[in-house]
Amino acid sequence: MEAVIESVVTVLEGEYLGKDIGPTLYQTQLKMADPRLRQLKIKTGVVKRLAKEQEYNHKEIAQQEKRIETFKAENRDEYDIKKQYEVLEECKMMVPDTQQRLKIAFDDLKAILDGAAELKDTDDYKTAQQVLAETSLN
């Protein structure tokens with residue numbers, strides 16, 4: 001019984017028959033069990049989603065401005081043009097809210113990365129760093 005336990009411990013420590021078998025099962029399980037990894041994944045997803053939403057808001061504003069110009073060029077009814085301006089204003093009202101939420105999520109993710117330096121070797125950490133580098137707060 002003791003020999004079995006000893007061999008299991010050896011495998012968990014990353015050695016098998018005197019050979020290094022790479023990242024140990026024990027280390028892998030520790031990383032998977034780390035609650036910071038879960039938070040890292042969640043916060044990374046939030047930043048990605050909000051960055052996409054911000055990009056979409058800017059595209060929607062540009063599209064609406066084009067629509068207004070088209071309506072003016074076609075000499076559409078003044079009421080229709082006025083309604084399109086209202087839609088444009090609604091689109092513009094979404095931008096500050098999205099920017100504020102993105103900044104908060106960005107800062108949260110950055111704080112998690114700063115506090116989890118020992119997780120630098122994980123894919124989630126590297127993905128989070130890449131998302132931060134690609135995200136614009138404008």
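Reply: The chain holds five helices and two strands. Read from the N terminus, these elements follow the order α-β-β-α-α-α-α. Please keep in mind that this is a predicted model. The chain has 138 residues, and 24% of them count as buried. Among contacts with a separation of 6 or more, 68% join residues 24 or more positions apart. The accessible surface amounts to about 10100 Å², and carbon and sulfur atoms contribute 54% of that.

Helix H3 covers residues 35-73, and helix H4 covers residues 78-115. Their axes come within 8 Å and cross at roughly 160 degrees. An angle over 145 degrees counts as roughly antiparallel, and H3 and H4 are therefore roughly antiparallel to each other. The crossing of these two helices is left-handed. Sorted by class, the contact of H3 with H4 has 21 nonpolar, 10 polar and 12 charged residues.

Leaving aside residues up to four places away in sequence, Gln-84 touches Gln-64, Arg-67, Ile-68 and Phe-71. Is Gln-84 buried or exposed? Its relative accessible area is 14%, and buried means under 20%, so Gln-84 is buried.

The loop between H3 and H4 contains Asn-75. Asn-75 is not a glycine, yet it has a positive phi of about 55 degrees. Its relative accessibility is 68%, and the cut-off for exposed is over 50%, so Asn-75 counts as exposed.

Next comes helix H5, which spans residues 123-134. H3 and H5 pack at an angle of about 25 degrees, and their axes are 10 Å apart. That angle makes H3 roughly parallel to H5, as angles under 35 degrees count as roughly parallel. H3 passes H5 in a left-handed crossing. On the H3 side, the residues that meet H5 are Leu-37, Leu-40, Lys-41, Thr-44, Val-47 and Lys-48. Their partners in H5 are Asp-124, Tyr-125, Thr-127, Ala-128 and Val-131. By class, this contact has six nonpolar, two polar and three charged residues.

H5 also packs against H4. The axes of H4 and H5 come within 11 Å, with a crossing of roughly 140 degrees. Angles over 145 degrees would count as roughly antiparallel and those from 65 to 115 as roughly perpendicular; H4 and H5 are therefore oblique to each other. Here again, H4 passes H5 in a left-handed crossing. H4 supplies Phe-106, Leu-109, Lys-110 and Leu-113 to the contact, and H5 supplies Tyr-125, Ala-128, Gln-129 and Leu-132. The classes in the contact of H4 with H5 come to six nonpolar, one polar and one charged.

To tie this together, H5 uses Tyr-125 and Ala-128 among its residues that meet H3, and Tyr-125 and Ala-128 are also among those that touch H4. H3 is roughly antiparallel to H4 and roughly parallel to H5, while H4 and H5 are oblique to each other.

Technical notes
Residues numbered from 1 in each chain as written. Predicted model: local features only at pLDDT ≥ 70, side-chain atom pairs only at ≥ 80, totals over all residues. Heavy atoms only, no water. Helix = DSSP H or I, 4+ residues; strand = E, 2+ residues; numbered from the N terminus. Buried < 20%, exposed > 50% of the residue type's maximum accessible area, 1.4 Å probe, protein only. Contact = heavy atoms within 4.5 Å. Axes fitted to C-alpha atoms, helices over the stretch in contact; angles between N-to-C directions. Left-handed = near helix turned anticlockwise from the far one by under 90°. Nonpolar A, V, L, I, M, F, W, Y, C, P; charged D, E, K, R; others polar. Areas by Shrake-Rupley, 256 points an atom, 1.4 Å probe, with all protein chains shown as cover.
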